[in-house]
Amino acid sequence: MANDHAHSHTALIWKVFAFLSVVTIVEVFLGIKKPDFLYLTHFLGTSFLNWIFLILTLVKAYGIAWYFMHLRDEKTWLRRAIVWPVVFLISYLAFFLLYEGGALQDILREWTRWSYN
């Protein structure tokens, strides 16, 4: 009986490892390739590529908390009380950092003229 329990946890750890590996490989691939249609297309103050990185990072953080911090075994209201504020706070902060960073770049563009002569 104890061996079956250990085997199920080992299989779960490998599944989580595979999931996190796939998400990380996608992030690294996108970071190396930087497809023009994602990198040069802007949405809400930054490129689609930045939004994809942000979303994939949140997915990985949620997966780590879900399995390794044992949130899947908790009551629904406790999971929501822990996860939702964090997701909303990170999304809120990331939106304003990315949006205001783009606005700052537009403002500074008027004052800086880079010459390649």
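Contact here means heavy atoms within 4.5 Å. The structure is a predicted model, in which local features need pLDDT of at least 70 and side-chain atom pairs count only at pLDDT 80 or more, while totals for chains, interfaces and linings use all residues. Residues are numbered from 1 along each chain as its sequence is written, and side-chain values use heavy atoms, with hydrogens and water left out.

We may start with the overall picture. The chain contains four helices and two strands, arranged from the N terminus in the order α-α-β-β-α-α. Helices (H or I, at least four residues) and strands (E, at least two) are DSSP runs, numbered from the N terminus. The predictor's confidence in each residue, pLDDT, runs from 0 to 100; its mean over the chain is 79, and 88% of the residues reach 70 or more.

Of the 117 residues in the chain, 19% are buried, where buried means under 20% relative accessible area, exposed over 50%, and partly exposed in between (1.4 Å probe, protein chains only). The accessible surface of the chain amounts to about 9500 Å², with 71% of this belonging to carbon and sulfur atoms. These areas come from the Shrake-Rupley method with a 1.4 Å probe, and for residues only the protein chains shown count as cover. Among contacts with a separation of 6 or more, 54% join residues 24 or more positions apart.

The buried residues of H3 are Leu49, Trp51, Leu54, Leu56, Leu58, Lys60, Gly63 and Ala65. Just after this helix, histidine 70 adopts a positive phi of about 60°.

Side chains of opposite charge can pair when their charged atoms come close. The structure holds one salt bridge, defined as a side-chain nitrogen of Lys or Arg within 4 Å of a carboxyl oxygen of Asp or Glu. The partners are lysine 60 and glutamate 27, at 3.0 Å from N to O. Because lysine 60 lies in helix H3 and glutamate 27 in helix H1 (residues 2–33), the pair ties together parts that are 33 residues apart in sequence. Lysine 60 counts as buried at 18% relative accessibility, and glutamate 27 is likewise buried, with a relative accessible area of 14%. Leaving aside neighbours within four places in sequence, lysine 60 is in contact with Leu20, Val23, Thr24 and Glu27.

Helix H4 (residues 76–111) includes phenylalanine 96, which is partly exposed at 35% relative accessibility. Together with Leu89, Tyr92 and Leu93, Phe96 makes a nonpolar surface patch of about 410 Å². Patches are made of residues with over 30% relative accessible area and no salt bridge; like charges are joined within 9 Å and nonpolar side chains (Val, Leu, Ile, Met, Phe, Trp, Tyr) within 5 Å. Leucine 98 also lies in H4 and is partly exposed at 24% relative accessibility. Its C-alpha atom is separated by 9.2 Å from that of tryptophan 51, 47 residues apart along the chain.
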